[in-house]
Each structure stands twice: as structure tokens, then as C-alpha cells.
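My entries follow the order in which I checked them.

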Amino acid sequence: MAQDNFSRVTEFILLGLSDTRELQLLFFTLFLLAYAMVLLGNLLVIVTVRTDPKLSSPMYFLLCNLSFIDICYTSVTAPRVLVALLLGHKAIAFEGCIAQLFFLHFVGSSGMFLLTVMAFDRYTAICRPLHYTAIMARRVCWALVAACWAGGFIHSIVQTVLTLQLPFCGPNTIHSYFCDVPPVIRLACADTALTEWLMASNSGLISLGCFLVLVASYALILARVRARLSQGHWKALSTCTSHVMVVTLFFVPCIFTYLRPAGALPSDKYVCVIYTIFSPVLNPLIYTLRSNEVKESMWRLWKR
């Protein structure tokens with residue numbers, strides 16, 4: 001019987017951000033500009049790092065991977081949102097919805113783990129500079145990046161399996177502009193209390209745990225910098241402050257969205273815009289353009 005119920009839903013309807021045509025065109029313009037900035041900014045970072053031998057340190061290797069993740073992460077949702085806003089196509093096949101959910105969590109959680117690794121890299125460079133080369137050797141960096149992707153894959157598989165085992169027999173209207181775990185499992189024709197808590201403990205605790213590790217690492221850096229008043233360390237403090245700001249913008253909405261059962265509070269689709277669109281726009285600005293080395297490399301690349 002569960003299998004029969006499950007087969008009744010063949011597509012979902014994404015209601016999007018607004019039903020007003022004027023607002024839809026406004027959101028389309030904003031999303032298009034944001035998506036273009038994500039693509040151009042992160043592609044520029046990747047090309048610059050890959051073509052300049054001077055940017056071969058572990059920090060830039062990790063930044064290059066973060067840029068690739070940002071492109072993939074935004075591309076999971078943005079193209080379909082743009083089509084829906086422009087043409088009004090709100091239907092998405094059940095299989096497409098599950099695929100979007102899977103890749104969103106796969107790439108998103110991999111990005112969370114990578115941000116944590118980058119914070120460890122920054123801590124090592126500032127607080128243990130004499131051991132930095134040995135600790136962050138190239139093979140270690142590759143292993144850490146591979147672990148980030150593996151952790152993201154395992155997390156996403158768990159989320160997807162928990163969603164697929166639920167029966168969906170209607171309704172099929174999702175109050176969001178993309179498929180995600182909380183709004184999808186609200187539509188299940190079964191008691192989802194246990195599944196909601198399992199998903200909250202999975203996604204929510206990952207978001208909270210990575211955020212706390214990031215905050216702790218930057219707090220240790222701050223404590224070390226306060227004891228040294230050199231110009232280089234104050235520059236590191238300024239850099240870490242900007243990193244904390246963009247990390248907070250990404251993780252706090254994720255914690256708000258996932259660290260609670262899906263039915264506890266109504267979903268806020270506007271909060272999702274912060275971590276799916278706005279934060280990836282800021283990453284190339286905060287992590288790279290504040291670096292004189294990157295700006296000089298971009299200028300040399302432009303002249304060539």
C-alpha cells in the first residue's frame with residue numbers, strides 16, 4: 001500500500017518567492033545578477049590560482065576548491081529558479097526534485113567541511129607558522145579535500161534515503177523555490193516525527209558543529225593576535241574578521257533551517273536566499289579580493 005501511495009506523486013509544484021509578476025521580474029533580475037557574479041567571480045579565482053605559480057600555497061589551493069564548490073552549489077538551484085521566474089514553469093518531476101535535494105546537500109555539506117578545513121589552515125599559518133609547511137603539505141591538503149567531498153556524499157545519501165522511504169500521495173505543493181528536505185517531508189502521507197528528528201540531528205548538528213569549530217578557531221587566532229601588535233598580525237585580524245562575517249551569514253541561516261523538526265515552525269524561503277545565493281556571491285570577494293597577491297595575479301592575467 002505504501003508503494004502505491006508513493007507512486008501517486010509524479011511531480012511537485014514549487015510556489016517560488018512570489019505570485020506577483022512584477023516581483024517575479026525583480027527577483028529574476030536580482031537572481032540573474034547574483035548568479036552571474038558567482039560564476040564570473042569564482043571562475044576568475046580558479047583561473048588565476050591555476051595559472052599563477054606564485055599562488056601555490058595550501059591557502060590558495062583550498063580557495064580554488066571553495067570556488068568550484070560555490071559554482072556547483074549555486075548551479076543546483078539558480079538555473080531552475082531563473083527559468084521559473086521568467087517563464088512561470090513551477091512543476092518539477094519527483095525524480096528531479098530528489099536529485100536537486102541530493103546535490104544540494106552533497107555540495108553544500110562539502111562546502112561546510114571545506115570552510116572548516118580553511119579555518120584550520122588559517123589557524124596553523126598564524127599560530128604555528130614554523131610548522132605550517134609540514135602540517136599543510138600538499139598530500140595532506142588533497143586528503144582533506146577528499147575527506148570533505150566524502151563526508152558531503154555520506155551526509156547527502158543519508159538525507160536522500162530518509163526522504164525516499166516516505167510515502168508521498170499528495171498534496172504536492174512546496175512552499176519554496178527549490179527542493180529541500182524540510183519542505184518535502186512535510187508533504188509525506190505518514191507520521192514523519194522520527195524522520196524529522198533524524199534529519200535535524202544530521203543536517204542541523206553538522207551545521208552547528210562546523211560553525212562552532214570555525215568560531216573557536218578564529219577565537220584562538222584573535223587571542224594570539226592580541227598578544228602581537230605587529231602590522232602583519234593586525235592585517236590577519238582584519239582578514240579573519242571578514243571571514244567570520246561571511247561564515248556567519250552562511251551558517252546561521254542553515255542552523256535556523258535544519259536544527260529543528262520540519263514541522264516545528266513554518267519554513268522561511270527568504271532565509272534560504274541568504275545561504276543559497278547571497279553567501280556564494282560574497283565568498284570570492286571576501287576570501288580573495290582582500291588579498292594583494294590575488295589582486296596582483298589577476299592584474300597580470302588581465303595584461304596577458
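The entries below cover conventions, sheet, helices and cysteines.

**Conventions.** I worked on a predicted model, where local features need pLDDT of at least 70, side-chain atom pairs count only at pLDDT 80 or more, and totals for chains, interfaces and linings use all residues. Residues are numbered from 1 along each chain as its sequence is written, and side-chain values use heavy atoms, with hydrogens and water left out.

**Sheet.** I took helices (H or I, at least four residues) and strands (E, at least two) as DSSP runs, numbered from the N terminus. Two strands pair if DSSP finds at least two bridges between them. I found an open sheet of 3 strands in the order 2-1-3, with mixed pairing. Strand 2 and strand 3 stand at the edges with a single partner strand each, so one side of each has no neighbour in the sheet.

I then went through the pairings. Strand 1 (residues 11-14) runs antiparallel to strand 2 (residues 91-93), joined by 3 bridges. Phe-12 stands opposite Ile-92, and Ala-91 is the bridge partner of Ile-13 in strand 2. Strand 3 (residues 173-174) is parallel to strand 1, with 2 bridges; here Ile-13 stands opposite Thr-173.

I checked the faces of strand 1 as well. Buried means under 20% relative accessible area, exposed over 50%, partly exposed in between (1.4 Å probe, protein chains only).

**Helices.** I looked up helix 4 (residues 94-127) and helix 6 (residues 138-164), which pack at about 145° with axes 7 Å apart. Axes are lines fitted to C-alpha atoms, for helices over the stretch in contact, and angles run from 0 to 180 degrees between N-to-C directions.

**Cysteines.** I searched the whole structure for disulfides (cysteine sulfur atoms within 2.5 Å) and got 2. Cys-97 and Cys-179 form one, with sulfur atoms 2.1 Å apart. Its S-S torsion is about -120°, so the disulfide of Cys-97 and Cys-179 is left-handed. Cys-97 lies in helix 4 and Cys-179 in the loop between strand 3 and helix 7 (181-185), 82 residues apart. Cys-97 is buried at 0%, and Cys-179 is buried at 0%.

Cys-169 is joined to Cys-189 (S to S 1.9 Å). Cys-169 is partly exposed at 28%, and Cys-189 is partly exposed at 28%. I noted the pattern 1-3, 2-4, counting bonded cysteines along the chain.
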